[in-house]
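Biologist: Could you put the model up and walk me through it? I'll ask as we go.

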Amino acid sequence: MGIRPWIRAHWPRLRLRTIVFATLFIVAALPGIAAMFLRVYENTLVRQTEGELVAQGAALAAIAAADWPGAPPPRIPRTGFRPELPRIDLSRSAVLPARPTPVPAAPADKSATMAAATLAPVFAQTSSVTLAAISSSTAKAGLPRRVHAQALPPCPKYAPH
């Protein structure tokens, strides 16, 4: 016994209006289903972007801490890992207001100015690759603006011999 006779015996005969109604109902429901799918997809993209920015910030902070004159050694937890999980959820997070107008800051510390000048090429190259907006205090510290556009020279320590 094939499947076709079994389906005919157990499946009721549908009228044309039932088939048309079911088809139109499914077509009418598609935009709502697509909107829910796109909302979940958008939330996923925002969380991935947040995760990437956290990772990028952690890497740049580690570089800055390693090059900072007199910086204490980093504290590494016992487990060796300290993940920063994405916290933005478009369905629950409140939309923040626009950033306030910046106010003038006190002059930068001499060591901070030197560190900013050292790290400016790293920030510039990272920003050009990741397309993220990274700002440092070099422009405010009186350093030339062209420092931001310099490419990072190859490190002789890692150059092939």
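Modeller: Helices (H or I, at least four residues) and strands (E, at least two) are DSSP runs, numbered from the N terminus. This is a predicted model, where local features need pLDDT of at least 70, side-chain atom pairs count only at pLDDT 80 or more, and totals for chains, interfaces and linings use all residues. Residues are numbered from 1 along each chain as its sequence is written, and side-chain values use heavy atoms, with hydrogens and water left out.

Biologist: Which pattern does the protein follow along the sequence?

Modeller: There are 3 helices and 0 strands in the protein. Read along the sequence, that gives α-α-α.

Biologist: Is H2 roughly parallel or antiparallel to H3?

Modeller: Take axes as lines fitted to C-alpha atoms, for helices over the stretch in contact, with angles from 0 to 180 degrees between N-to-C directions. The axes of H2 (residues 16-67) and H3 (residues 110-130) come within 11 Å and cross at roughly 165°. Under 35 degrees counts as roughly parallel, over 145 as roughly antiparallel, 65 to 115 as roughly perpendicular and the rest as oblique. So H2 is, relative to H3, roughly antiparallel.

Biologist: Which residues of H3 does H2 meet?

Modeller: Contact here means heavy atoms within 4.5 Å. On the H2 side, the residues are Gln56, Leu60, Ile63, Ala64 and Asp67. Their partners in H3 are Leu119, Val122, Phe123, Thr126 and Thr130.

Biologist: Does asparagine 43 count as buried or exposed?

Modeller: Asparagine 43 sits in helix H2, and it touches Ile88, Asp89 and Leu90, leaving aside residues up to four places away in sequence. The cut-offs are under 20% relative accessible area for buried, over 50% for exposed and partly exposed in between (1.4 Å probe, protein chains only). Asparagine 43 has 16% relative accessibility, so it counts as buried.

Biologist: What separates the C-alpha atoms of asparagine 43 and isoleucine 88?

Modeller: Along the chain, the two are 45 residues apart. Between their C-alpha atoms, the separation is 8.3 Å.
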